[in-house]
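Subject: Structure handover

Hello,

Here is the structure I said I would pass on. Please look through it first, then read the notes below it.

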Amino acid sequence: MIYIVTMVGNLGLIILIGLNSHLHIPMYYFLFNLSFIDLCYSSVFTPKMLMNFVSKDNIISYVGCMTQLFFFLFFVISECYMLTSMAYDRYVAICNPLLYKVTMSHQVCSLLTVAAYMMGFAGASAHTGCMLRLTFCNVNIINHYLCDILPLLQLSCISTYISEIVVLIVMGINITVPSFTILISYVFILTNIFHIKTAQGRSKAFSTCSFHIIALCLFLGSAAFMYLKYSSSGSMDLGKISSVFYTNVIPMLNPLIYSLWNKDIKVTLQKTLLKIQSRNMFSLEVIM
(Lines give C-alpha, C1' and ligand atoms only; values in the text may rest on other atoms or scores of the structure.)
Protein backbone atom coordinates (compact mmCIF):
# COMPACT_ATOMS: atom_id res chain seq x y z
CA MET A 1 0.00 0.00 0.00
CA ILE A 2 2.83 2.41 0.91
CA TYR A 3 4.60 1.62 -2.37
CA ILE A 4 1.42 2.26 -4.40
CA VAL A 5 0.91 5.65 -2.68
CA THR A 6 4.59 6.45 -3.32
CA MET A 7 4.32 5.58 -7.00
CA VAL A 8 1.05 7.47 -7.53
CA GLY A 9 2.16 10.55 -5.54
CA ASN A 10 5.59 10.98 -7.12
CA LEU A 11 4.48 10.04 -10.63
CA GLY A 12 1.53 12.41 -10.27
CA LEU A 13 3.84 15.30 -9.32
CA ILE A 14 6.16 14.52 -12.23
CA ILE A 15 3.25 14.54 -14.72
CA LEU A 16 1.64 17.63 -13.16
CA ILE A 17 4.86 19.68 -13.33
CA GLY A 18 5.73 18.38 -16.76
CA LEU A 19 2.35 19.21 -18.34
CA ASN A 20 1.90 22.71 -16.85
CA SER A 21 4.21 25.33 -18.33
CA HIS A 22 3.66 27.86 -15.53
CA LEU A 23 5.36 25.38 -13.16
CA HIS A 24 8.51 25.30 -15.33
CA ILE A 25 10.49 27.43 -12.89
CA PRO A 26 13.56 26.48 -10.79
CA MET A 27 11.66 25.51 -7.62
CA TYR A 28 9.45 23.02 -9.45
CA TYR A 29 12.31 21.89 -11.68
CA PHE A 30 14.12 20.66 -8.55
CA LEU A 31 10.86 19.25 -7.16
CA PHE A 32 10.41 17.35 -10.44
CA ASN A 33 13.85 15.78 -9.99
CA LEU A 34 13.22 15.06 -6.30
CA SER A 35 10.04 13.16 -7.17
CA PHE A 36 11.92 11.25 -9.87
CA ILE A 37 14.63 10.26 -7.36
CA ASP A 38 12.07 9.18 -4.73
CA LEU A 39 10.22 7.16 -7.35
CA CYS A 40 13.43 5.43 -8.44
CA TYR A 41 15.06 4.68 -5.12
CA SER A 42 11.88 3.25 -3.60
CA SER A 43 11.65 1.03 -6.69
CA VAL A 44 15.21 -0.26 -6.29
CA PHE A 45 14.32 -2.68 -3.49
CA THR A 46 10.54 -2.59 -2.86
CA PRO A 47 9.45 -4.78 -5.82
CA LYS A 48 12.04 -7.40 -4.87
CA MET A 49 10.95 -7.23 -1.24
CA LEU A 50 7.28 -7.69 -2.20
CA MET A 51 8.18 -10.64 -4.43
CA ASN A 52 10.01 -12.23 -1.49
CA PHE A 53 6.93 -11.81 0.72
CA VAL A 54 4.75 -13.55 -1.87
CA SER A 55 7.13 -16.38 -2.78
CA LYS A 56 8.71 -16.65 0.70
CA ASP A 57 12.02 -17.20 -1.11
CA ASN A 58 14.28 -14.50 0.33
CA ILE A 59 17.19 -15.01 -2.02
CA ILE A 60 19.17 -12.42 -4.00
CA SER A 61 22.17 -13.12 -6.19
CA TYR A 62 25.57 -11.56 -5.58
CA VAL A 63 25.29 -9.47 -8.76
CA GLY A 64 21.74 -8.50 -7.86
CA CYS A 65 22.81 -7.45 -4.37
CA MET A 66 25.67 -5.27 -5.63
CA THR A 67 23.40 -3.73 -8.27
CA GLN A 68 20.74 -2.98 -5.66
CA LEU A 69 23.36 -1.45 -3.36
CA PHE A 70 24.77 0.77 -6.12
CA PHE A 71 21.44 2.19 -7.30
CA PHE A 72 20.09 2.60 -3.77
CA LEU A 73 23.15 4.65 -2.76
CA PHE A 74 23.14 6.54 -6.06
CA PHE A 75 19.59 7.81 -5.58
CA VAL A 76 19.89 8.43 -1.82
CA ILE A 77 23.08 10.50 -2.18
CA SER A 78 21.61 12.32 -5.18
CA GLU A 79 18.59 13.24 -3.04
CA CYS A 80 20.88 14.79 -0.41
CA TYR A 81 22.35 17.15 -3.00
CA MET A 82 19.00 17.77 -4.70
CA LEU A 83 17.63 18.97 -1.35
CA THR A 84 20.74 21.16 -1.06
CA SER A 85 19.99 22.69 -4.48
CA MET A 86 16.41 23.34 -3.37
CA ALA A 87 17.69 25.12 -0.24
CA TYR A 88 19.97 27.30 -2.39
CA ASP A 89 17.04 28.09 -4.67
CA ARG A 90 14.95 29.24 -1.69
CA TYR A 91 17.89 31.32 -0.43
CA VAL A 92 18.19 33.18 -3.73
CA ALA A 93 14.40 33.61 -4.04
CA ILE A 94 14.04 35.18 -0.57
CA CYS A 95 17.38 36.95 -0.05
CA ASN A 96 18.02 38.15 -3.62
CA PRO A 97 14.59 38.24 -5.34
CA LEU A 98 15.59 40.90 -7.90
CA LEU A 99 18.45 38.73 -9.17
CA TYR A 100 16.53 35.46 -8.95
CA LYS A 101 15.93 34.92 -12.67
CA VAL A 102 19.54 35.76 -13.50
CA THR A 103 21.09 33.72 -10.69
CA MET A 104 18.82 30.69 -11.08
CA SER A 105 18.99 30.52 -14.87
CA HIS A 106 18.26 27.35 -16.81
CA GLN A 107 21.99 26.69 -17.15
CA VAL A 108 22.58 27.04 -13.40
CA CYS A 109 19.66 24.74 -12.55
CA SER A 110 20.89 22.15 -15.04
CA LEU A 111 24.42 22.37 -13.62
CA LEU A 112 23.18 21.91 -10.03
CA THR A 113 21.07 18.91 -11.09
CA VAL A 114 23.91 17.25 -13.00
CA ALA A 115 26.23 17.89 -10.04
CA ALA A 116 23.75 16.19 -7.67
CA TYR A 117 23.60 13.10 -9.87
CA MET A 118 27.39 13.09 -10.32
CA MET A 119 27.92 13.18 -6.55
CA GLY A 120 25.45 10.31 -6.24
CA PHE A 121 27.34 8.33 -8.88
CA ALA A 122 30.73 9.01 -7.24
CA GLY A 123 29.51 8.06 -3.76
CA ALA A 124 27.73 4.92 -4.95
CA SER A 125 30.78 3.86 -6.98
CA ALA A 126 33.10 4.30 -3.98
CA HIS A 127 30.86 2.32 -1.62
CA THR A 128 30.10 -0.44 -4.12
CA GLY A 129 33.78 -0.71 -5.05
CA CYS A 130 34.62 -1.32 -1.39
CA MET A 131 32.00 -4.06 -1.16
CA LEU A 132 33.26 -5.76 -4.33
CA ARG A 133 36.76 -6.19 -2.89
CA LEU A 134 35.45 -8.06 0.16
CA THR A 135 35.30 -11.83 0.52
CA PHE A 136 32.11 -13.07 2.14
CA CYS A 137 31.86 -16.03 4.48
CA ASN A 138 29.74 -19.15 4.06
CA VAL A 139 27.17 -17.60 6.39
CA ASN A 140 25.72 -15.36 3.69
CA ILE A 141 22.49 -14.34 5.38
CA ILE A 142 22.00 -10.56 5.25
CA ASN A 143 20.34 -9.34 8.43
CA HIS A 144 18.33 -6.72 6.57
CA TYR A 145 15.57 -6.41 3.98
CA LEU A 146 17.93 -4.80 1.43
CA CYS A 147 21.63 -4.86 0.53
CA ASP A 148 23.07 -2.02 2.59
CA ILE A 149 26.66 -1.17 3.51
CA LEU A 150 26.79 -2.09 7.19
CA PRO A 151 24.97 -5.45 6.96
CA LEU A 152 27.33 -6.48 4.13
CA LEU A 153 30.42 -5.46 6.12
CA GLN A 154 29.34 -7.85 8.88
CA LEU A 155 29.48 -10.79 6.45
CA SER A 156 33.08 -10.18 5.39
CA CYS A 157 35.72 -12.84 6.11
CA ILE A 158 38.61 -10.41 5.64
CA SER A 159 39.51 -7.15 7.33
CA THR A 160 37.04 -4.36 6.63
CA TYR A 161 39.33 -1.60 7.94
CA ILE A 162 39.95 0.06 4.55
CA SER A 163 36.29 -0.25 3.59
CA GLU A 164 35.21 1.31 6.88
CA ILE A 165 37.63 4.22 6.36
CA VAL A 166 36.27 4.81 2.84
CA VAL A 167 32.70 4.57 4.10
CA LEU A 168 33.48 7.04 6.89
CA ILE A 169 35.08 9.55 4.50
CA VAL A 170 32.47 9.30 1.74
CA MET A 171 29.50 9.30 4.11
CA GLY A 172 31.06 12.15 6.06
CA ILE A 173 31.33 14.26 2.91
CA ASN A 174 27.84 13.39 1.68
CA ILE A 175 26.27 14.20 5.05
CA THR A 176 28.41 17.18 6.16
CA VAL A 177 28.48 19.17 2.91
CA PRO A 178 24.69 19.12 2.29
CA SER A 179 23.89 19.66 5.98
CA PHE A 180 26.15 22.71 6.38
CA THR A 181 25.07 24.19 3.04
CA ILE A 182 21.41 23.79 3.95
CA LEU A 183 21.99 25.14 7.47
CA ILE A 184 23.83 28.24 6.22
CA SER A 185 21.18 28.85 3.55
CA TYR A 186 18.36 28.76 6.09
CA VAL A 187 20.23 30.94 8.58
CA PHE A 188 20.37 33.64 5.89
CA ILE A 189 16.76 32.94 4.89
CA LEU A 190 15.41 33.24 8.46
CA THR A 191 17.50 36.36 9.10
CA ASN A 192 16.08 37.93 5.96
CA ILE A 193 12.50 36.93 6.88
CA PHE A 194 12.79 38.56 10.32
CA HIS A 195 13.88 41.80 8.64
CA ILE A 196 10.72 41.96 6.54
CA LYS A 197 8.57 44.73 7.99
CA THR A 198 5.05 43.49 7.25
CA ALA A 199 3.57 40.39 8.86
CA GLN A 200 2.01 39.42 5.53
CA GLY A 201 5.41 39.56 3.83
CA ARG A 202 7.01 37.44 6.55
CA SER A 203 4.19 34.90 6.32
CA LYS A 204 4.47 34.66 2.53
CA ALA A 205 8.26 34.30 2.63
CA PHE A 206 8.14 31.62 5.33
CA SER A 207 5.40 29.67 3.53
CA THR A 208 7.60 29.34 0.44
CA CYS A 209 10.21 27.33 2.34
CA SER A 210 8.29 25.79 5.27
CA PHE A 211 7.38 22.62 3.38
CA HIS A 212 11.01 22.24 2.30
CA ILE A 213 12.15 22.48 5.94
CA ILE A 214 9.72 19.68 6.87
CA ALA A 215 11.01 17.44 4.05
CA LEU A 216 14.61 18.16 5.05
CA CYS A 217 14.02 17.33 8.72
CA LEU A 218 12.27 14.07 7.84
CA PHE A 219 14.90 12.91 5.35
CA LEU A 220 18.12 13.93 7.11
CA GLY A 221 16.75 13.27 10.60
CA SER A 222 15.61 9.73 9.86
CA ALA A 223 18.84 8.94 7.99
CA ALA A 224 20.97 10.21 10.87
CA PHE A 225 18.87 8.25 13.37
CA MET A 226 19.31 5.06 11.34
CA TYR A 227 23.09 5.23 11.09
CA LEU A 228 23.58 6.51 14.64
CA LYS A 229 21.57 3.55 15.93
CA TYR A 230 23.78 1.22 13.97
CA SER A 231 27.00 2.66 15.29
CA SER A 232 25.96 3.23 18.89
CA SER A 233 24.08 0.08 19.81
CA GLY A 234 25.08 -2.30 17.06
CA SER A 235 21.51 -3.54 16.91
CA MET A 236 20.51 -4.46 13.38
CA ASP A 237 16.88 -4.86 14.45
CA LEU A 238 16.65 -1.21 15.49
CA GLY A 239 18.42 -0.30 12.27
CA LYS A 240 15.86 -2.19 10.21
CA ILE A 241 12.95 -0.48 11.99
CA SER A 242 14.37 3.00 11.47
CA SER A 243 15.37 2.28 7.87
CA VAL A 244 11.77 1.30 7.04
CA PHE A 245 10.78 4.90 7.77
CA TYR A 246 13.81 6.25 5.90
CA THR A 247 13.45 4.11 2.77
CA ASN A 248 9.67 3.63 2.50
CA VAL A 249 7.80 6.37 4.37
CA ILE A 250 9.87 9.40 3.28
CA PRO A 251 9.36 8.85 -0.50
CA MET A 252 5.64 8.52 0.21
CA LEU A 253 5.43 11.65 2.39
CA ASN A 254 7.40 14.01 0.10
CA PRO A 255 4.71 14.41 -2.59
CA LEU A 256 2.03 14.73 0.12
CA ILE A 257 4.00 17.46 1.91
CA TYR A 258 4.72 19.44 -1.26
CA SER A 259 1.18 19.12 -2.63
CA LEU A 260 -0.66 19.90 0.62
CA TRP A 261 1.54 22.85 1.64
CA ASN A 262 2.08 24.40 -1.79
CA LYS A 263 -0.67 26.66 -3.12
CA ASP A 264 0.51 26.51 -6.76
CA ILE A 265 0.50 22.70 -6.76
CA LYS A 266 -2.96 22.53 -5.18
CA VAL A 267 -4.48 25.06 -7.60
CA THR A 268 -2.86 23.37 -10.62
CA LEU A 269 -4.05 19.96 -9.45
CA GLN A 270 -7.62 21.22 -8.99
CA LYS A 271 -7.63 22.79 -12.48
CA THR A 272 -6.21 19.62 -14.03
CA LEU A 273 -8.84 17.45 -12.35
CA LEU A 274 -11.61 19.81 -13.48
CA LYS A 275 -10.31 19.63 -17.07
CA ILE A 276 -10.28 15.83 -16.96
CA GLN A 277 -13.79 15.78 -15.47
CA SER A 278 -15.14 18.17 -18.11
CA ARG A 279 -13.59 16.11 -20.92
CA ASN A 280 -15.15 12.93 -19.55
CA MET A 281 -18.57 14.62 -19.35
CA PHE A 282 -18.20 15.86 -22.92
CA SER A 283 -17.29 12.37 -24.12
CA LEU A 284 -20.35 10.94 -22.40
CA GLU A 285 -22.61 13.54 -24.02
CA VAL A 286 -21.20 12.78 -27.48
CA ILE A 287 -21.71 9.01 -27.01
CA MET A 288 -25.30 9.53 -25.80
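I start with the contact between helix 1 and helix 2. Y3, T6, M7, N10, L11, L13, I14 and I17 in helix 1 meet Y28, L31, F32, S35, F36, D38, L39, S42, S43, T46, P47 and L50 in helix 2. Contact here means heavy atoms within 4.5 Å. By class, the residues of this contact are 13 nonpolar, six polar and one charged. Ala, Val, Leu, Ile, Met, Phe, Trp, Tyr, Cys and Pro count as nonpolar, Asp, Glu, Lys and Arg as charged, and the others, Gly among them, as polar.

Some background on the model and the numbering. The model is predicted, and local features need pLDDT of at least 70, side-chain atom pairs count only at pLDDT 80 or more, while totals for chains, interfaces and linings use all residues. Residues are numbered from 1 along each chain as its sequence is written, and side-chain values use heavy atoms, with hydrogens and water left out.

The chain as a whole

The chain has 10 helices and zero strands. Helices (H or I, at least four residues) and strands (E, at least two) are DSSP runs, numbered from the N terminus. Of the 288 residues in the chain, 42% are buried. Buried means under 20% relative accessible area, exposed means over 50%, and partly exposed is in between, with a 1.4 Å probe and protein chains only. Take the contacts between residues at least 6 apart in sequence: 75% of them join residues at least 24 apart.

How the helices pack

Helix 1 (residues 2-19) packs against helix 2 at an angle of about 155°, and their axes are 9 Å apart. Axes are lines fitted to C-alpha atoms, for helices over the stretch in contact, and angles run from 0 to 180 degrees between N-to-C directions. The angle makes helix 1 roughly antiparallel to helix 2. Angles under 35 degrees count as roughly parallel, over 145 as roughly antiparallel, 65 to 115 as roughly perpendicular and the rest as oblique. The crossing of helix 1 and helix 2 is left-handed. A crossing is left-handed if the near helix is turned anticlockwise from the far one by less than a right angle, and right-handed if clockwise.

Helix 2 (residues 26-55) also meets helix 5, where the axes come within 11 Å and cross at roughly 20°. That makes helix 2 roughly parallel to helix 5. The crossing of helix 2 and helix 5 is right-handed. On the helix 2 side the contact is made by P26, Y29, F30, N33, F36 and I37, and on the helix 5 side by C109, S110, L112, T113 and Y117. This contact has eight nonpolar, three polar and no charged residues. One of its residues, C109, is buried because its relative accessibility is 4%.

Helix 3 and helix 5 have axes 7 Å apart and pack at an angle of about 145°. Their contact holds 18 nonpolar, eight polar and no charged residues. The crossing of helix 3 and helix 5 is right-handed.

The disulfide

How many disulfides are there? The count comes to one, where a disulfide is a pair of cysteine sulfur atoms within 2.5 Å. In general, a disulfide is a covalent bond between the sulfur atoms of two cysteines. Here C65 is joined to C147, with an S to S distance of 2.1 Å. The pair links distant parts of the chain, 82 residues apart: C65 is in helix 3 (residues 62-95), and C147 is in the loop between helix 5 (106-132) and helix 6 (149-153). The torsion about the S-S bond is about -125°, so the disulfide is left-handed. C65 is buried at 5% relative accessibility, and C147 is buried at 2%.

Two single residues

A124 lies in helix 5. Why does A124 count as buried? A124 is buried because its relative accessible area is 0%. Not counting residues up to four places away in sequence, A124 touches F70, L73, F74 and I77. A124 and F72 are 52 residues apart in sequence, and 8.1 Å apart in space, C-alpha to C-alpha.

S185 is in helix 7 (residues 161-194). With 7% relative accessibility, S185 counts as buried. Leaving aside its neighbours within four places in sequence, S185 is in contact with A87, Y88 and Y91.

Regards
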